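Subject: Structure for your review

Dear colleague,

Please find below the structure that I am handing over to you. I would be grateful if you could read the notes under it with the model open.

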Amino acid sequence: MALTPKILVFAGSLRTGAYSIHTADAAMKELALQGADVTRISLGDYPLPLVDQDLEKEKGVPENAVKLARQIASHDGFLIASPEYNASIPPLLKNAIDWVSRVRRDQGRPFKPFDGRIAALCSSSDGSFAGMRGLYHLRAVLMACQVEVITPQCSVARASEAFDEDGQFREERLRHQMETVCRTLIERAAMLSTRVEP
């Protein structure tokens with residue numbers, strides 16, 4: 001029986017009405033439609049202090065970083081829908097990735113939550129660049145964490161006009177992009193699954 005890939009989906013923003021949240025919702029629906037087992041989370045459920053090695057030395061890696069790391073490791077892949085801050089990665093998202101990369105042990109056992117994971121990237125912006133500039137940096141950071149990042153991505157320009165009342169993309173081009181991203185993520189995640197069941 002073919003493996004049903006488990007995919008984690010989250011946005012790189014917590015702002016009410018954030019375009020990245022709408023994009024994450026659209027991705028979640030498409031992944032489910034294509035047969036993935038989808039988990040949707042918010043980084044707001046894993047509040048973390050700024051990465052601080054003195055704090056880590058004194059108190060260890062925060063428990064919320066370990067919880068997020070377990071979520072990532074228990075899925076075959078993940079999809080991030082990110083906004084762009086000053087042509088780069090939003091601080092909320094970068095801080096979460098950095099803390100998870102500091103998780104080396106769990107319950108006394110060696111633990112590398114990013115190893116073997118497959119990621120897909122989406123972006124959104126109300127401008128014409130569609131948040132794409134931030135994805136170059138996000139891709140590089142995840143690759144440094146030993147994540148395999150698939151090539152297709154979906155970037156939503158003029159995002160305030162991109163979604164209809166049901167949260168679907170108005171443009172066929174964007175629908176096709178998201179279909180391709182989700183299909184590629186599912187296929188690659190199924191092929192390389194190394195997920196760690198909790």
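This is a predicted model: local features need pLDDT of at least 70, side-chain atom pairs count only at pLDDT 80 or more; totals for chains, interfaces and linings use all residues.

Residues are numbered from 1 along each chain as its sequence is written, and side-chain values use heavy atoms, with hydrogens and water left out.

Overall chain

The protein chain contains 6 helices and 7 strands; these are DSSP runs numbered from the N terminus, with helices being H or I of at least four residues and strands E of at least two. Read from the N terminus, the order of elements is β-α-β-α-α-β-α-β-β-β-α-β-α. Along the principal axes, the C-alpha atoms fill a box of roughly 50 × 45 × 25 Å. The radius of gyration is 16 Å, which agrees with the value near 16 Å for a compact globule of 198 residues; this radius is taken over C-alpha atoms, and the globule rule is 2.2 Å times the number of residues to the power 0.38.

Of the 198 residues, 45% count as buried (buried is under 20% relative accessible area, exposed is over 50%, and partly exposed is in between, with a 1.4 Å probe and protein chains only). Among contacts with a separation of 6 or more, 77% join residues 24 or more positions apart, where contact means heavy atoms within 4.5 Å.

The sheet

Five strands form an open sheet with parallel pairing, in the order S2-S1-S3-S6-S7; two strands pair if DSSP finds at least two bridges between them. Strand S2 (37-40) and strand S7 (148-156) are the edge strands, each pairing on one side only. On average, neighbouring strands of this sheet are turned by 20° against each other, direction ignored. Strand S6 (residues 118-124) pairs with S7 in the parallel sense over 6 bridges, and Cys122 stands opposite Cys154 in S7.

Helix contacts

Axes here are lines fitted to C-alpha atoms, for helices over the stretch in contact, and angles run from 0 to 180 degrees between N-to-C directions. Helix H3 (residues 63-73) and H4 cross at roughly 85°, and their axes come within 9 Å. H3 and H4 are therefore roughly perpendicular to each other (65 to 115 degrees; under 35 counts as roughly parallel, over 145 as roughly antiparallel and the rest as oblique). Ala65, Leu68, Ala69 and Ile72 of H3 make this contact with Ala96, Trp99 and Val100 of H4. By class, the contact of H3 with H4 has 7 nonpolar, no polar and no charged residues; Ala, Val, Leu, Ile, Met, Phe, Trp, Tyr, Cys and Pro count as nonpolar, Asp, Glu, Lys and Arg as charged, and the others, Gly among them, as polar.

Helix H4 (residues 91-101) also packs with helix H5 (residues 132-144), at an angle of about 10° and with the axes 11 Å apart. H4 and H5 are therefore roughly parallel to each other. Here Leu93, Lys94 and Ile97 in H4 meet Leu138, Val141 and Leu142 in H5.

Two single residues

Thr39 is found in strand S2 and, at 23% relative accessibility, counts as partly exposed. Leaving aside neighbours within four places in sequence, Thr39 is in contact with Ile7, Leu8, Val9, Gln71 and His75.

His22 lies in helix H1 (residues 19-33) and counts as partly exposed at 35% relative accessibility. Not counting residues up to four places away in sequence, His22 touches Gly17 and Phe163.

Yours sincerely
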